[in-house]
Amino acid sequence: MQPTILLFDVDGTLIDSTGTGRVALEDAFEALYARRDAISSFRLDGMTDPAIVRQGLQVIGADVSDAAITKVLDAYLARLEHHVANIPLERYRVHPGVRATIDRAHAAGHAVGLGTGNIVPGAKIKLSRVDLYERFDFGGFGSDAEDRPTLIRHGAERGAERLGLPLSRCRVVVIGDTPKDIAAAHAIGAQCLAVATGHFSVAELAQHGCMRAVEHLETEAAQNALFA
Ligand SMILES: [Mg+2]
């Protein structure tokens with residue numbers, strides 16, 4: 001099998017954090033700008049954290065700068081930690097097949113990483129709650145780039161380093177739950193396995209030309225796409 005790099009998205013793909021990220025961002029905008037509604041007019045799924053904050057600042061007519069974005073994200077992290085720590089685990093779900101797929105990918109010698117719009121500490125907070133963060137050896141994050149194709153490329157390059165191979169010799173598979181994951185994968189010449197565990201159906205995801213769209217990672221089709 002061709003050397004393989006897997007880049008897993010976080011929200012909607014690995015876990016359902018039941019809106020803790022959104023609430024923490026709303027809290028941050030409320031604390032800093034008294035505008036809880038800053039991010040209520042657009043869809044967050046598939047967006048990177050810095051892109052969400054930039055758009056929120058634009059919506060409320062605030063000054064948009066790298067410093068302002070960083071300030072909101074710092075306020076967000078403190079609140080995220082609190083919300084994630086306090087949500088009951090029965091409401092904070094790991095999607096079907098996730099743990100077994102990660103185990104199988106490590107056993108197969110794949111490079112197992114993240115490809116997520118979350119900034120690094122946000123991904124760590126969200127995934128550590130369910131003991132998943134340490135299962136990933138590297139990643140591309142919202143901390144690397146505001147646009148998704150660029151952060152996915154960073155993740156792919158780190159995966160190739162892990163394998164000790166040039167990226168051109170590796171198969172890269174992005175596993176994600178939104179059309180933005182699919183577009184980012186295609187932008188860097190990677191494949192995308194789309195999972196309907198977020199807010200998009202198999203039919204909706206399939207329209208965007210992914211290699212395979214599946215209900216969840218436990219399906220035979222998903223396993224074949226990653227390991228056959
Ligand atoms: Mg997602």
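Is the crossing of α6 and α7 left-handed or right-handed? What you see is a predicted model: local features need pLDDT of at least 70, side-chain atom pairs count only at pLDDT 80 or more, and totals for chains, interfaces and linings use all residues. Residues are numbered from 1 along each chain as its sequence is written.

Figure 1. Six strands make up an open sheet, running β5-β4-β1-β6-β7-β8, with parallel pairing. Its edge strands are β5 (138–140) and β8 (212–214), each of which pairs on one side only. On average, neighbouring strands here are turned by 25 degrees against each other, direction ignored. Helix α9 (residues 220–227) packs on this sheet and touches β1, β6, β7 (191–195) and β8. The direction of α9 makes about 145 degrees with that of β8. Helices (H or I, at least four residues) and strands (E, at least two) are DSSP runs, numbered from the N terminus. Two strands pair if DSSP finds at least two bridges between them. Axes are lines fitted to C-alpha atoms, for helices over the stretch in contact, and angles run from 0 to 180 degrees between N-to-C directions.

**Figure 2. Strand β1 and its two partners.** Zoom in on β1 (residues 4–8): five of its five residues are buried, so this strand is largely enclosed by the rest of the structure. (Buried takes 20 or more other C-beta atoms within 10 Å of a residue's own, exposed takes 12 or fewer, and partly exposed is in between; the C-beta atoms are placed from the backbone.) Thr4, Leu6 and Phe8 point one way from β1, while Ile5 and Leu7 point the other way. On one hand, five bridges tie β1 to β6 (residues 171–176); on the other, four bridges tie β1 to β4 (residues 111–115). Both pairs run parallel. Phenylalanine 8 is a handy landmark: isoleucine 175 is its bridge partner in β6, and leucine 114 stands opposite it in β4. For leucine 7, the bridge partner in β4 is glycine 113.

Figure 3. What about β4? Five of its five residues are buried, so β4 is largely enclosed by the rest of the structure too. Ala111, Gly113 and Gly115 cover one side, with Val112 and Leu114 on the other. Three bridges pair β4 with β5 in the parallel sense, and glycine 139 is the partner of leucine 114 in β5. Aspartate 137 sits in the loop between α5 (120–128) and β5. With 13 other C-beta atoms within 10 Å, aspartate 137 is partly exposed. Leaving aside neighbours within four places in sequence, aspartate 137 is in contact (C-beta atoms, placed from the backbone, within 7 Å) with Ala111, Val112, Gly113 and Arg162. The C-alpha atoms of aspartate 137 and glycine 159 are 8.5 Å apart, though 22 residues separate them along the chain.

**Figure 4. Helices α6 and α7 crossing.** Two packed helices are described by the angle between their axes and the distance between the axes. Here α6 (residues 148–163) and α7 (residues 179–187) pack at about 60 degrees, with their axes 8 Å apart. That makes α6 oblique to α7. (Under 35 degrees counts as roughly parallel, over 145 as roughly antiparallel, 65 to 115 as roughly perpendicular, and the rest as oblique.) Arg148, Pro149 and Ile152 of α6 make the contact with Lys180, Ala184, Ala185 and Ala187 of α7. And the opening question: the crossing of α6 and α7 is right-handed. (Right-handed is when the near helix is turned clockwise from the far one by less than a right angle, left-handed when anticlockwise.)

**Figure 5. Helix α1 and the residues on either side.** Helix α1 (residues 20–33) has 14 residues and reaches 20 Å from its first C-alpha to its last, close to the expected 20 Å. (The expected span is 1.5 Å times one less than the number of residues.) Its buried residues, including Leu25 and Phe29, pack against α2 (49–59) and α3 (66–86). Most residues other than glycine have a negative phi. Threonine 18, in the loop between β2 (15–16) and α1, has a positive phi of about 45 degrees. Alanine 34, in the loop between α1 and α2, has one of about 55 degrees. Threonine 18 is partly exposed, with 15 other C-beta atoms within 10 Å, whereas alanine 34, with 9, counts as exposed.

Conventions
Contact = placed C-beta atoms within 7 Å.
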